[in-house]
Amino acid sequence: MNDKKLTDAEKQTLWCQIHLIGICPNCKAKDSMQMGPQGGLAINIRCYKCGQKYWTSPIMGFGAEPI
Ligand SMILES: [Zn+2]
């Protein structure tokens, strides 16, 4: 956990950008997100353009967070 805590609304916005729109929330590249290790309800996902990694989940309510 870093000290820049996102609000739930911000996490939801990231989730929508990643899962619904299909863009990287950081660099806005389309279809650049690569699924990494997935365990249960947690997915690590990484943008191959800018290298930003996110923790996310298939469940919308969990949102997404940069890691
Ligand atoms: Zn990116």
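So, burial: 19% of the 67 residues in this chain are buried, and by that I mean 20 or more other C-beta atoms within 10 Å of a residue's own, against 12 or fewer for exposed and in between for partly exposed, with C-beta atoms placed from the backbone. Keep in mind that this is a predicted model, where local features need pLDDT of at least 70, side-chain atom pairs count only at pLDDT 80 or more, and totals for chains, interfaces and linings use all residues. Numbering starts from 1 along each chain as its sequence is written.

Now the layout. We have one helix and four strands, in the order α-β-β-β-β from the N terminus; these are DSSP runs numbered from that end, H or I of at least four residues for helices and E of at least two for strands.

On to the core. Ten residues form the largest nonpolar core, among them Trp15, Met33, Ile43 and Ala64; such a core is a set of buried Ala, Val, Leu, Ile, Met, Phe, Trp, Tyr and Cys residues joined through C-beta atoms within 7 Å. Two or more of its residues come from each of α1 (8–21) and β2 (42–47).

Let's look at Ile43, over in strand β2. Why does Ile43 count as buried? Because it has 20 C-beta neighbours inside 10 Å. Skipping neighbours within four places in sequence, Ile43 is in contact (C-beta atoms, placed from the backbone, within 7 Å) with Met35, Gln38, Thr56, Ser57 and Pro58.

Terms used:
Contact = placed C-beta atoms within 7 Å.
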